[in-house]
Amino acid sequence: MTATVSFTIDSPLGPRTATVAYERKGAGEPLLLLHGIGHHLQAWHPVTDVLAGQYDVIAVDLPGFGASQPLPASVPYDLATVAEALGALCAALGVDRPHVAGNSLGGLLALEMGRTGLARSVTALSPAGFWTEGERRYAFATLRAMRAGARALPRPALERLSRSAAGRAALTGSIYAAPGRRAPEAVVAETLALRGATGFEQTLAAGGSVRFTEDVPGLPVTIAWGSHDRLLLRRQGVRAKHTVPGARLVRLPGCGHVPMHDDPALVSRVVLDTARRATPAVI
């Protein structure tokens, strides 16, 4: 069940309050799950039950997405600020250095949390930030087109489209390898999440200059890429491996950009294998 938590973050004008929605289940070491731009925490639903069998799973709506409030007006949506905000969120929830798994934007944030000492292991699924300028422009143009389509479609038309495999492919084919297998209600919900994402434009603007160029030493890192990723092309995984040489690079056969729906069992295994490689935290 979704809950909310409020916490204090720094801003150029002093401390401000952020409010984030999250779902929490399971027991054990904490595992934080981060979605991509325009998505919501429900992106992780296909794997949360499996992960919660071994970990205290916390899936969050990033600030400005899903049911979370946007960041306060004076707070930027840049990588460092949002990663620090997630650290403050964890502190508010009584969590110290969780395992972090993220997809796309969430994968980039997971790597930044690992780099700055806020995570004990990192699983990054098709993380942003390893693109060439041409690849970034292509990805951003695709995202803007998806956003424009989501905002232009009246709700009745969206629901009609979601009832057919062809309609679901038209709505979500850029991010799933098998969009026709998605449940109609899930497609409607994530399209509405994309439509209503108050942090979309600011996050995209902040991401225009982002390149992840530093190593993430001292903790287990897995970078995984879907073989059918149409948004962030899989060759970016090779660049990610060169940037983070100690990372394990894993291919996800038959998966698209959001692999949790295309192969939940495989994604669960990758996340669990990474978390198990971490040194147990000292309590």
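This is a dialogue on reading a few features of a predicted model.

User: What does the secondary structure of the chain come to?

Analyst: The chain has eleven helices and eight strands. Along the principal axes, its C-alpha atoms fill a box of roughly 50 × 45 × 40 Å.

User: What is the radius of gyration of the chain, and what does the globule rule give for 283 residues?

Analyst: The radius of gyration is 17 Å, close to the 19 Å from the globule rule, so the chain is as compact as a globular protein of that length. Of the 283 residues, 55% count as buried. Among contacts with a separation of 6 or more, 71% are between residues 24 or more positions apart.

User: How should I read the packing of two helices, for example helix H4 and helix H8?

Analyst: Two packed helices are described by the angle between their axes and the distance between the axes. Here H4 (residues 133-152) and H8 (residues 200-207) pack at about 175°, with axes 12 Å apart. Angles over 145 degrees count as roughly antiparallel, which is why H4 is described as roughly antiparallel to H8.

User: Which residues make the contact?

Analyst: H4 contributes Arg-136, Phe-140, Leu-143, Arg-144, Arg-147 and Arg-151. From H8 come Phe-200, Glu-201, Leu-204 and Gly-207. By class, the contact has four nonpolar, one polar and five charged residues. As background for the spacing, an α-helix has 3.6 residues a turn, so residues three or four places apart point the same way.

User: What span should the 13 residues of helix H11 have?

Analyst: At 1.5 Å a residue, H11 (residues 264-276) should span 18 Å, and its end C-alpha atoms are 18 Å apart, which agrees.

User: Which residues of H11 are buried?

Analyst: The buried residues of H11 are Leu-266, Val-267, Ser-268, Val-270, Val-271, Leu-272, Thr-274 and Ala-275.

User: Where is Ser-104 found, and what is its phi?

Analyst: Ser-104 is in the loop between strand E5 (99-103) and helix H3 (105-115). Its phi is near 60°, a positive value in a residue other than glycine.

User: Is Ser-104 buried or exposed?

Analyst: Buried: the relative accessibility of Ser-104 is 9%, and the cut-off for buried is under 20%.

User: What is the phi of Ser-126, and where does Ser-126 lie?

Analyst: Ser-126 has a positive phi of about 45° although it is not a glycine. The residue lies in the loop between strand E6 (121-125) and H4. With a relative accessible area of 1%, Ser-126 is buried.

Technical notes. Residues are numbered from 1 along each chain as its sequence is written. This is a predicted model: local features need pLDDT of at least 70, side-chain atom pairs count only at pLDDT 80 or more; totals for chains, interfaces and linings use all residues. Side-chain values use heavy atoms; hydrogens and water are left out. Axes are lines fitted to C-alpha atoms, for helices over the stretch in contact, and angles run from 0 to 180 degrees between N-to-C directions. Helices (H or I, at least four residues) and strands (E, at least two) are DSSP runs, numbered from the N terminus. Angles under 35 degrees count as roughly parallel, over 145 as roughly antiparallel, 65 to 115 as roughly perpendicular and the rest as oblique. Contact means heavy atoms within 4.5 Å. Ala, Val, Leu, Ile, Met, Phe, Trp, Tyr, Cys and Pro count as nonpolar, Asp, Glu, Lys and Arg as charged, and the others, Gly among them, as polar. The expected span of a helix is 1.5 Å times one less than its number of residues. Buried means under 20% relative accessible area, exposed over 50%, partly exposed in between (1.4 Å probe, protein chains only). The radius of gyration is taken over C-alpha atoms; the globule rule is 2.2 Å times the number of residues to the power 0.38.
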